Amino acid sequence: MNATLAIAGKEIREGLRNRWIVATTLLLGLLALTLSFLGSAPTGSTGARALDVMVVSLSSLTIFLIPLIALLLSHDAVVGEAERGTLLLLLSYPVARWQVILGKFLGHLVILAIATIIGYGAAGLALSFLSGDGFSEGWAAFGRMIANSIGLGAAFLAIGYAVSALARERGVAAGIAIGIWLLFALVYDMVLLGVLVVDQGAVITPPVLNALLLLNPADVYRLLNLAGSEGAALATGMAGLASDSALPAPVLVSAMIGWIVFPLALASMLFSRRQL
Amino acid sequence: MADLTVSLRGVSRHFGRQIAVEDVSFSLEPGQTVALVGHNGAGKTTLMKLMLGLIRPSGGTLSVLGEDPGRGFGARREIGFLPENVAFNPSLTARELLGFYARLKGARSEVGPLLAQVGLEEAANRRVGTYSKGMRQRLGLAQALLGSPRLLLLDEPTTGLDPSLRLSFYETIRTLGSKGATVLLSSHALGELEQRADRVLIMHRGRLLADGTIGELRRLAELPVRMRLRVNGSWPALEAALPPGTEVTRSDGIVDLACPAPRKMEVIRHLASDGTAVKDMEITPPSLDELYAHFLRGGGE
């Protein structure tokens, strides 16, 4: 455990030193503020609170941005160290390869969590001040959204390590990572939507649809946020979908945990097989 | 068996169809300093990776500090390794990096003293990205020495070190050796290994060509002993009566002799028999370079 924590600590220190943490925090904070101020104008009549609107607009932002940041951090973890020559030295120490993966995961997760909490949190604070809604209302949903975002990031970190442990070259790892990002953040939902329209409920019954949604961590994230906030569901006009959904929060949370644990286990396995 | 630090029996390692190491057997004892000599691609680095358990052998068995290195990583706690062209994360300082590695080995108290030992005390709080190659190499040495290792695997340890650091490096190796640590170092700089290695292993294309002390290898190789003489006018009479098998090249008062090693004393006695003909004499036994070249030519068969 000590080795794992040592590796995690080193990753965090590097994240601070090479400005990763500062850059992502600023990016998330600025985008969150911009989006919420632009997005708060047309809410007037739905009765949604400012923070609820923000939960909705931020989760749309998160679905694109957080997986991208997570994959940027993680796709390089194994193959990058191998190419720079630092991996050989690290593995000559008394550490197991799964400890390397887990240590890097914990370190990167802290980096991501700091950026998300500070970036989104600051934007949330600013908005609730300016809108005059006060602090108490909507904060539970907002907090859950931040926690869900960190969970989504964790899933894509884990996927990135598996890619990194598999790829022989950094360029290949980056290519696969971008492909995975496109698939889960964009293509999957578009294809699913298209199939639903064509299918007209013949093959894709609600249970099948639910299963298909669980197969994409980005959709799990979306549903988690809706399940967590009635106000937000109202604001998206998806209240119906959220209440109809046969997927209660525990199922969604387990799916997200699965999306973290399985890719991590896969990454450890691939890394153990990797030749140096 | 338990006394041996490292023992390899019939170890092979193939990467696809490429043979990196083929049927290598040797063992290393505590306190030995052993030079591993060979071209690039001769299998030196592969051997070290095998001993670290970073790759598994395709055939044969090996044991390091009483364990199979492929099974667990417990033995690595007592191994120090310096890879060829050691690299570090450039954004951290030497103190942070050494602290990190020390934590992995449970040797955090050694960070300060080791930084001082390799002469990086003043630069310790600078980013490693600003370091010269020599400084990185010194940091590499410092991390290899963490945790008082019983086995040191050093791949090209002295590249980039200036002469005074080289000396202090070999001094450190000697101290560790006298405490019972086994040191295996690979190098191209054969000359500087000559006085320092108890034993030499010569690798060529994955095979172990020769294994022994430098003296033993000299006997095996039967390379001639070379002498350089400064002579005066009465030399030709002496030359005519030299023992058989001695080769002579003359130029302008300087004579180069090459004689078989067993005849060395005979030749010297003969040279000294005529009081003044030889004014000065230098004797060079075959160097490690020559031995290496000899074994590579296939002389070791």
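**View 1. Two strands of chain B, S6 and S7, side by side.** In this predicted model, strand S6 (residues 151-155) and strand S7 (residues 182-186) of chain B pair in the parallel sense over 5 bridges. Here a strand is a DSSP run of E with at least two residues, a helix is a run of H or I with at least four, and both are numbered from the N terminus. Two strands count as paired if DSSP finds at least two bridges between them. Pick out B:Leu153 and look across: it stands opposite B:Leu184 in S7(B). As for the ground rules, residues are numbered from 1 along each chain as its sequence is written, and chains are lettered from A and ligands numbered from 1 in the order in which they are written. Since this is a predicted model, local features need pLDDT of at least 70 and side-chain atom pairs count only at pLDDT 80 or more, while totals for chains, interfaces and linings use all residues.

View 2. Zoom out a bit and you find an open sheet of 6 strands in chain B, in the order S5-S6-S7-S3-S8-S9, with mixed pairing. At its edges are strand S5 (79-82) and strand S9 (207-212) of chain B, each pairing on one side only. From one strand to the next, the twist averages 15°. Helix H4 (residues 133-144) of chain B lies across S5 and S6 of chain B and runs at about 165° to S5(B). Helix H7 (residues 214-221) of chain B packs on the sheet too, touching strand S8 (199-204) and S9 of chain B, and its direction makes about 110° with that of S9(B). Angles like these run from 0 to 180 degrees between N-to-C directions, using axes fitted as lines to C-alpha atoms (for helices, over the stretch in contact). And "in contact" is simple: the C-beta atoms of two residues, placed from the backbone, lie within 7 Å.

**View 3. The three-stranded sheet of chain B.** This open sheet of 3 strands goes S2-S1-S4 (chain B), with antiparallel pairing. Neighbouring strands here are turned by 25° against each other on average, direction ignored. Strand S1 (residues 6-15) of chain B and S2(B) run antiparallel, joined by 7 bridges. One pair to find: B:Ser7 has B:Ser27 in S2(B) as its bridge partner.

**View 4. Two helices of chain A crossing.** Now hop over to chain A, which has 13 helices and 0 strands. The axes of helix H7 (residues 139-166) and helix H13 (residues 249-273) of chain A come within 8 Å and cross at roughly 20°. That makes H7(A) roughly parallel to H13(A); the labels are roughly parallel under 35 degrees, roughly antiparallel over 145, roughly perpendicular from 65 to 115, and oblique for the rest. H7(A) passes H13(A) in a left-handed crossing, meaning that the near helix is turned anticlockwise from the far one by less than a right angle (clockwise would be right-handed). Among the residues that meet are A:Gly151, A:Ala154 and A:Tyr161 in H7(A), and A:Trp259, A:Pro263 and A:Phe271 in H13(A). The residues of this contact divide into 17 nonpolar, 1 polar and no charged. Nonpolar covers Ala, Val, Leu, Ile, Met, Phe, Trp, Tyr, Cys and Pro, charged covers Asp, Glu, Lys and Arg, and the others, Gly among them, are polar.

**View 5. Where chain B touches chain A.** In this view, 23 residues of chain B are in contact with 21 residues of chain A. Helix H1 (44-52) and helix H2 (94-105) of chain B each supply at least two residues of chain B's side. H2(B) brings the largest share of that side, 6 residues. The residues on chain B's side divide into 13 nonpolar, 4 polar and 6 charged.

**View 6. Two arginines with a positive phi.** Most residues other than glycine have a negative phi. A:Arg19 has a positive phi of about 70° although it is not a glycine. Look for A:Arg19 in the loop between helix H1 (2-17) and helix H2 (20-39) of chain A. With 11 C-beta neighbours inside 10 Å, A:Arg19 counts as exposed. The cut-offs for C-beta atoms (placed from the backbone) are 20 or more others within 10 Å for buried, 12 or fewer for exposed, and in between for partly exposed. B:Arg205 has a positive phi of about 45° and lies in the loop between S8 and S9 of chain B. B:Arg205 is partly exposed, with 15 other C-beta atoms within 10 Å.
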